[in-house]
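This report describes how the parts of one chain pack and pair with one another. Please keep the sequence and the structure in view while reading.

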Amino acid sequence: MVQRRSKQRTAEEAERKILLEGLEGARLGIARAYAGFNSAADPELIESFVYEINALQARYSYLLRQVKALDGVQPRPQSAGEGRLDLPTTLPG
């Protein structure tokens, strides 16, 4: 029984580590996409960065919910768009 709990704990720790690495990767990706967005001048390129940022934010939110569930934290309901970074509403230039 003790050995089973130890194996389960080890598996949960490994899963948590993978999730946290994914969170860090998504966070870095969001930062890179924002940097690209801020330096882009072409409307199509700007649009591609907007899609990339939204996709990465969705991934980040998913991974964060997975970590919280693994840690036994009950996620609270979110309103639409909550937890997302705001994008500028006007195009540069």
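Helices, here DSSP runs of H or I with at least four residues, are numbered from the N terminus. The model is a predicted one, in which local features need pLDDT of at least 70 and side-chain atom pairs count only at pLDDT 80 or more, while totals for chains, interfaces and linings use all residues. Residues are numbered from 1 along each chain as its sequence is written, and side-chain values use heavy atoms, with hydrogens and water left out.

A salt bridge is taken as a side-chain nitrogen of Lys or Arg within 4 Å of a carboxyl oxygen of Asp or Glu, and by this rule the count comes to two. The table gives both pairs.

| Pair | N to O distance |
|---|---|
| E24 and R27 | 2.6 Å |
| R16 and D71 | 3.0 Å |

R16 belongs to helix 1 whereas D71 sits in the segment after helix 2, so this pair ties together parts that are 55 residues apart in sequence. E24 and R27, by contrast, both lie in helix 1, three residues apart, which is about one turn of the helix. An α-helix has 3.6 residues a turn, so residues three or four places apart point the same way.

For accessibility, buried means under 20% relative accessible area, exposed means over 50%, and partly exposed covers what is in between (1.4 Å probe, protein chains only). On this scale R16 is partly exposed at 32%, and D71 is partly exposed at 40%. In the other pair, E24 is partly exposed at 36% and R27 is partly exposed at 41%.

When neighbours within four places in sequence are left aside, F49 is in contact (heavy atoms within 4.5 Å) with A33, G36, F37 and A40.

The buried residues of helix 2 are I46, F49, I53, L56, Q57, S61, L63 and V67. Following helix 2 comes G72, whose phi is positive, near 80 degrees.

Conventions:
Helices (H or I, at least four residues) and strands (E, at least two) are DSSP runs, numbered from the N terminus.
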